[in-house]
Amino acid sequence: MDNTTALTFTLTVYAIMENHRNGFFFLFLLLYVVSVFLNGLLISLILQNKTLQQPMNVFVTMLCFNEIYGSSSLLPSVMSVLLTHRHEISVKWCAAQVFLLHTYASAQFCILALMGYDRFVAICYPLHYNTIMSHPKMMKLVVCGGLYPFIVFGSLFSLTIKLRFCGKTIPKLYCVNMELVKNACSNASHISIVGLVFILFLVAPQVSMIAFSYGHIARVCKKLPKQSQSNALKTCIPHLLSLLNYTIGALVEIIQTRLNMSRVSVQVRIFLSLYFVIIPSVANPVLYGMGSHIIRVHIMKLLIKHRMLPSKVVKKVITA
């Protein structure tokens, strides 16, 4: 890639947004600020309160850090390109964005798989939970879940950065690996094939863990009284909603990258392209912040302390 680093790509989608450039800029700025604030609030609450530092909440902290990582990899770049009239991005930054966004996406699925495993242990082996999810084991899971996406995607990305690039257009708001590969001077179809194999490595273990976890949870819940079933499943709702939300976004992004989407309106494509980063980064801290009673109590206490909500409203939210 050394001899093409001076090359720039034109992100063609931005031309359609030109008439509403300021509106899009402030919308993306608002979404970015909200995402960083909500995830940062949840991270600070968990880190500052030892009572909140159970394994599941440690994984929630990981998820929040990853949300900030993902939105910071995308939205500042989108906003900076919006402010220019040429809508160009350098090869170096395009390659960096590919690495950042793909590792974010891979890490997201890894963290959700760890959360599924935690729910499996908590519901299926409640008496042994503290032994199975001991601090040393939890830290091993955190390290493995954090490093795995960088190692696996880094192996695929090493093939991409060896290419020379002659193309000059990317029909998206941001760079992704396959669009970068399509701009190679030579035929790089082998990377597309290898990429499909690597997708299996980045998805199959996580899907297997989640399926295994919820398969056992369903089996155990069938044997429990209705009230116990309800209590057990309540603890899974934030994770299931988060998993569903992210899976939809990831599948849509993969489909857009691999198939011809020219028949779909540009506005819809813009929304779908941003979905996998923006929606989870705003929804997840709300799901885990308000979905967990103990975290919800700490949030309400914080709001009372700073007089941001009336105490009557706070009490109703806490008891909900």
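**Stop one: a helix with an outside face**

Select phenylalanine 26, which you'll find in helix H1 (helices are DSSP runs of H or I, at least four residues, numbered from the N terminus). Before going on: this is a predicted model, where local features need pLDDT of at least 70, side-chain atom pairs count only at pLDDT 80 or more, and totals for chains, interfaces and linings use all residues. Residues are numbered from 1 along each chain as its sequence is written, and side-chain values use heavy atoms, with hydrogens and water left out.

Is Phe26 buried or exposed? Exposed, at a relative accessible area of 54% (exposed is over 50%, buried under 20%, partly exposed in between, with a 1.4 Å probe and protein chains only).

Now show all of H1, residues 21-48: its 28 residues reach 40 Å from first C-alpha to last. Colour its buried residues, including Phe25, Phe28 and Tyr32.

**Stop two: the core**

Next, pick Phe59 and Met115, the residues with the most contacts inside the largest nonpolar core, which has 88 residues (buried Ala, Val, Leu, Ile, Met, Phe, Trp, Tyr and Cys joined through side-chain atoms within 4.5 Å). Helix H3, residues 91-124, gives the most to this core: 18 residues. Beyond four places in sequence, Phe59 is in contact (heavy atoms within 4.5 Å) with Met115 and Asp118, among others.

**Stop three: a buried asparagine**

Finish on Asn177 in helix H6, residues 177-182. Asn177 counts as buried because its relative accessibility is 4%. Leaving out residues up to four places away, Asn177 touches Val98, His102, Leu156, Phe157, Thr160 and Ile191.

Terms used:
Helix = DSSP H or I, 4+ residues; strand = E, 2+ residues; numbered from the N terminus. Expected span 1.5 Å × (residues − 1).
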